[in-house]
Amino acid sequence: MDLVKETDLRRRMVEEQIRRRGIRDERVLSAMEEVPRHLFIPKAVRHLAYADEPLPIGEGQTISQPYIVAEMTAALRLSGTEKVLEIGTGSGYQTVILARLCRELVTIERIASLSEAARKLLATMEVGGVTFVVGDGSLGSPGHAPFDRILSAAASPSVPAPWISQLSEGGIIVLPVGGRYEQELTRVTRAGSRTETEVLGGCRFVPLVGMYGFQS
Ligand code: SAH
């Protein structure tokens with residue numbers, strides 16, 4: 001892919017798939033226009049890098065559809081000062097988008113080979129401020145808590161309890177909640193000892209495999 005063509009593909013992706021569907025957060029829109037998504041896509045399917053669909057990234061996992069990445073990121077309402085926990089590093093694409101929009105990012109992935117590939121790619125792109133952790137993200141990351149925002153790209157039957165206890169006051173969690181194959185994109189906001197839950201829409205994510213997620 002040459003540079004002009006892919007810049008153009010990204011601009012169209014943002015206009016047609018994201019802005020047109022109602023995402024208005026300009027910081028999210030520019031991040032998605034600037035980050036070279038094709039670098040995160042395996043060669044065999046790279047020609048589909050800017051298509052309106054999720055794609056395989058190996059190990060039975062997927063990179064989310066561009067619109068879903070935008071919707072989840074916008075739902076976090078980032079101003080740039082936040083400390084964020086991402087669960088499900090996968091290809092590292094969402095990681096880069098988040099890193100541009102927050103102060104500090106911890107990203108957890110259970111499959112070591114995916115985490116390592118993402119870490120290397122981000123190093124070549126000179127993306128800083130990201131800590132990579134391999135392990136069960138359903139437990140959160142107690143050593144790095146508290147977090148102002150938590151975003152999960154893996155689906156869980158309910159909101160993992162450790163995430164709520166590692167969330168700072170006024171903090172927001174965005175995650176898919178539901179069954180193994182179909183879920184609802186959910187936003188949880190913490191206010192004191194209470195949490196408020198909003199359903200943002202239907203979605204399909206790979207399962208969160210871990211202690212507070214699915215068993216396998
Ligand atoms: N945001 C990623 C999407 C990856 S799909 C991207 O842009 O490419 C979700 C990822 O969650 C998968 O890589 C999967 O291995 C990971 N995952 C599933 N359960 C997990 C757990 N308990 N802890 C950490 N990562 C998990």
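Student: Phe40 and Tyr93, buried or exposed?
Tutor: Both are buried. Buried means under 20% relative accessible area, exposed means over 50%, and partly exposed is in between, with a 1.4 Å probe and protein chains only.

Student: What kind of model is this, and how are residues numbered?
Tutor: It is a predicted model, in which local features need pLDDT of at least 70 and side-chain atom pairs count only at pLDDT 80 or more, while totals for chains, interfaces and linings use all residues. Residues are numbered from 1 along each chain as its sequence is written, and side-chain values use heavy atoms, with hydrogens and water left out.

Student: How many aromatic pairs are there?
Tutor: One. Rings of Phe, Tyr and Trp (its six-membered ring) pair if their centres lie within 6.5 Å; planes under 30 degrees apart are stacked, over 60 edge-to-face, and the rest tilted.

Student: Why is the pair of Phe40 and Tyr93 edge-to-face?
Tutor: Because the ring planes of Phe40 and Tyr93 are at 65°, with the centres 5.6 Å apart. The pair links distant parts of the chain, 53 residues apart: Phe40 is in the loop between α2 (26-34) and β1 (55-58), and Tyr93 is in helix α4 (residues 93-101). Helices (H or I, at least four residues) and strands (E, at least two) are DSSP runs numbered from the N terminus.

Student: Which residue lies over the face of Tyr93?
Tutor: Arg37, at 5.0 Å from the ring centre. Likewise, the charged end of Arg21 sits over the ring of Tyr67, 5.3 Å from the centre of that ring. The rule is that NZ of Lys or CZ of Arg must be within 6 Å of the ring centre and within 35 degrees of the ring normal.

Student: Back to α4. How many of its residues are buried?
Tutor: Eight of the nine, so α4 is largely enclosed by the rest of the structure. Among them are Gln94, Val96 and Leu101.

Student: And α3, how many there?
Tutor: In α3 (residues 66-75), 10 of 10 residues are buried. Tyr67 is one of them. Ala70, also in helix α3, has a relative accessible area of 0%.

Student: What surrounds the ligand?
Tutor: There are 25 residues around it, and the closest are Ser91, Glu109, Asp136, Gly137 and Val209. A residue counts as near if one of its heavy atoms lies within 4 Å.

Student: Which atom of the ligand lies 2.6 Å from Glu109?
Tutor: An oxygen atom, and the Glu109 atom is a polar side-chain one. A polar side-chain atom of Asp136 lies 2.9 Å from a ligand nitrogen. Val209 uses a backbone N or O atom, 2.8 Å from a nitrogen atom of the ligand.

Student: How much of the ligand does the protein bury?
Tutor: The protein buries 100% of the 580 Å² that the ligand exposes when taken alone. Accessible areas come from the Shrake-Rupley method with a 1.4 Å probe; for residues, only the protein chains shown count as cover.

Student: Which peptide bond is cis?
Tutor: The one from Ala145 to Pro146, with omega near 5°. Pro146 lies in the loop between β5 (130-134) and β6 (147-152).

Definitions and conventions:
A polar contact is a pair of N or O atoms within 3.5 Å; within protein, one must be able to donate a hydrogen and the other to accept it, and residues adjacent in sequence count only if both atoms are side-chain atoms.
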